[in-house]
Amino acid sequence: MITKILEGNLDNISLAATALKSGKLVAFPTETVYGLGAIATDDDAVAKIFKAKSRPSFNPLIIHFKNILDVKKEVFWNDTAEALARTFWPGPITLILNRKNTSKISVLASAGLKTVAVRVPGHYIAKILIQECGAPIAAPSANESGLISPTDAQHVMKSLFNKIPYIIDGRATKIGLESTVIDLSQDAPAILRPGYITKEQIEKSIKYSVTVNDGSTNGTNVISPGMINKHYSPNVPMRINATEFLKNEKVLGFGPKAPTLAMNLSYSSNLDEAASNLFKFLHKLDHSDTQSIAVMPIPEVGLGIAINDRLRRASLKD
Ligand code: TXA
Ligand code: MG
């Protein structure tokens with residue numbers, strides 16, 4: 001199969017929708033990272049996602065919807081979901097809710113769990129694509145499982161070359177870091193994956209505090225299978241919180257004190273800017289000339305928590 005990059009215009013989005021409706025996979029931009037989409041109600045198409053990414057089948061996918069009305073057809077809605085959806089959708093937050101018996105979402109897409117991860121994305125290409133398909137789209141990040149997430153069409157090409165027919169090019173994604181995943185299927189909401197929307201923003205919206213469970217279990221049960229172990233990783237060794245650097249290391253810097261030759265996530269220590277540069281710079285550093293990467297400390301506050309989560313997982317050894 002030859003992978004084709006399509007410029008993100010209306011004709012090409014229609015073409016991509018036709019491909020999706022015939023059971024093919026299409027990578028497309030969202031405001032966070034590029035997603036690898038299949039029609040969420042089509043088991044065979046969803047199975048192709050797991051195959052193309054070499055993703056373990058126990059790791060469920062996020063289902064992308066056009067609007068709240070369509071979401072409510074598939075899952076049991078509640079007041080917390082309503083508050084968060086009103087504040088942050090369309091946008092970078094994913095809600096875990098209990099699946100309705102009548103739901104048409106592929107059971108494979110949610111890895112056989114009783115819950116489904118739902119999100120209404122804000123990117124215009126994602127929105128038009130879902131609209132044109134007339135169905136929700138299941139989409140994990142469009143990269144080989146465990147490796148660096150894609151923030152532009154070339155990143156997708158590098159990772160999924162000739163495994164999928166189309167990539168819609170919407171240039172670099174604005175946010176550059178994945179959505180926050182929050183479990184609303186139990187009485188107490190819990191953040192399962194820190195992301196662009198911070199804990200503080202969530203608490204302000206729902207007016208009470210939430211727990212963070214970024215481990216992958218609640219003692220015995222795996223509750224967010226995608227949060228296990230190593231992830232987001234370059235092919236070369238990487239260490240974090242580095243304040244001194246070795247001769248052969250490439251430095252991923254942060255703030256005004258970074259060495260001049262370092263790639264700097266943000267000279268002005270701006271966490272939004274650092275989030276949007278994170279995967280882009282890791283992709284740039286992840287090539288044959290690099291022996292190892294040293295990352296300077298990022299403050300563990302606000303968006304820094306999600307950035308550090310990605311860096312920590314990326315730096316884990318096999
Ligand atoms: O920003 C994003 O969220 C991007 C764009 C494409 O929307 N998508 C994304 O998908 O990051 P992915 O597959 O890379 O990450 C989905 C995360 C995984 O950690 C997965 O385990 C978790 O969501 N997840 C999905 N369904 C779940 C469920 N029912 N219960 C618990 N965790 C779930
Ligand atoms: Mg991913």
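**A salt bridge and its surroundings**

Glu178 and Arg310 form a salt bridge, with their closest N and O atoms 3.0 Å apart; the term means a side-chain nitrogen of Lys or Arg within 4 Å of a carboxyl oxygen of Asp or Glu. This is a predicted model, where local features need pLDDT of at least 70 and side-chain atom pairs count only at pLDDT 80 or more, while totals for chains, interfaces and linings use all residues. Residues are numbered from 1 along each chain as its sequence is written, chains are lettered from A and ligands numbered from 1 in the order in which they are written, and side-chain values use heavy atoms, leaving out hydrogens and water.

Follow the charges onward and you reach a network of salt bridges linking Glu178, Asp309, Arg310 and Arg313. Within it, the side chains of Asp309 and Arg313 meet at 2.9 Å, N to O. These two sit 4 residues apart in helix 9 (residues 304–315), so about one helical turn separates them; helices here are DSSP runs (H or I, at least four residues), numbered from the N terminus. Both Asp309 and Arg313 are buried (under 20% relative accessible area, 1.4 Å probe, protein chains only; exposed is over 50%, partly exposed in between).

Now step back to the domains, whose bounds come from an automatic or database domain assignment: domain 1 (4–88 + 98–178) and domain 2 (238–315). Their C-alpha centres lie 28 Å apart. Across their interface the rule finds 1 salt bridge.

Elsewhere, Lys199 pairs with Glu203 in a salt bridge at 3.1 Å, and Lys199 is partly exposed because its relative accessibility is 29%.
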